[in-house]
Amino acid sequence: MSESNIKRYTVEESWKDYSVTLEVDHSILTPERATMINDFWSNNSWRKSEEEGDVVRAVIRFAGSNLIYMMLRQGGTDFNEKTRGPIFDDSPGPIWTQDLHEEEGWGGSEQGNPFGWCGIRCVAASVDVPGFDDVELKEEQA
C-alpha cells in the first residue's frame, strides 16, 4: 500500500450539514472493483452518470451516503482523527469502517488492511440527528 495511492475525499449533504471524510486506497479500489461494487446495487447506471461516468467516484460517494445513513440510524456521530473513544481509546472511524465493510456488497474486512476489500475507510464524520430544539410542532386543521 503506497501512500501515493491513498487519497482523501469528503462526502457531504450540505442542507443538513452531514459529512464524512473517507480515505481511499486506489490500488485497491480500481475501476474494475468499483464496477463490481456499483453493479451489485440497483440504480448503478444513475450513480455512475451522476459522477460523469467515473465509477470510482460514484462508489466513493455511495460509500459516504451509506455511512451517513448508518450513522443517522445509530443516533449520529461527530469525530475526527484526533478523537479518542471512551472504550477503545481510539477514533470511532475504524468501527464505522468495519460496519461499512461488513454490509452486503462491500466485500468485507481484511485482516491487517484498514481499507478492506473495497479500499475505503472512514476517518472523520459529523452527522447529527435532529434534537428536540431542531423540530417544531404545528397543529393541523382537520
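Among contacts in this chain between residues at least 6 apart in sequence, what percentage join residues at least 24 apart? In this predicted model, the figure is 58%.

Good morning. I shall begin with the overall layout. The chain contains four helices and four strands. Read from the N terminus, these elements follow the order β-β-α-α-α-β-α-β. The C-alpha trace spans about 55 × 40 × 25 Å along its principal axes.

I turn now to the interior. Of the 142 residues in the chain, 38% are buried. The largest nonpolar core comprises 29 residues, and those with the most contacts inside it are V20, L22, L29, L67, M71, W106 and I120. At least two residues of this core come from each of β1 (6–13), β2 (18–25), α1 (31–40), α3 (55–73), α4 (93–102) and β4 (120–127). The helix α3 supplies the largest share, namely 10 residues.

Finally, the surface and the charges. The accessible surface of the chain amounts to about 9,200 Å², and carbon and sulfur atoms account for 47% of that area. There are 13 positive side chains and 27 negative ones. The centres of these two sets are 5 Å apart.

Thank you for your attention.

Note on methods
Residues are numbered from 1 along each chain as its sequence is written. This is a predicted model: local features need pLDDT of at least 70, side-chain atom pairs count only at pLDDT 80 or more; totals for chains, interfaces and linings use all residues. Side-chain values use heavy atoms; hydrogens and water are left out. Buried means under 20% relative accessible area, exposed over 50%, partly exposed in between (1.4 Å probe, protein chains only). Contact means heavy atoms within 4.5 Å. Accessible areas come from the Shrake-Rupley method with a 1.4 Å probe; for residues, only the protein chains shown count as cover. Lys and Arg count as positive and Asp and Glu as negative; His and the chain ends are not counted. The place of a charge is taken as NZ of Lys, CZ of Arg, CG of Asp or CD of Glu. A nonpolar core is a set of buried Ala, Val, Leu, Ile, Met, Phe, Trp, Tyr and Cys residues joined through side-chain atoms within 4.5 Å.
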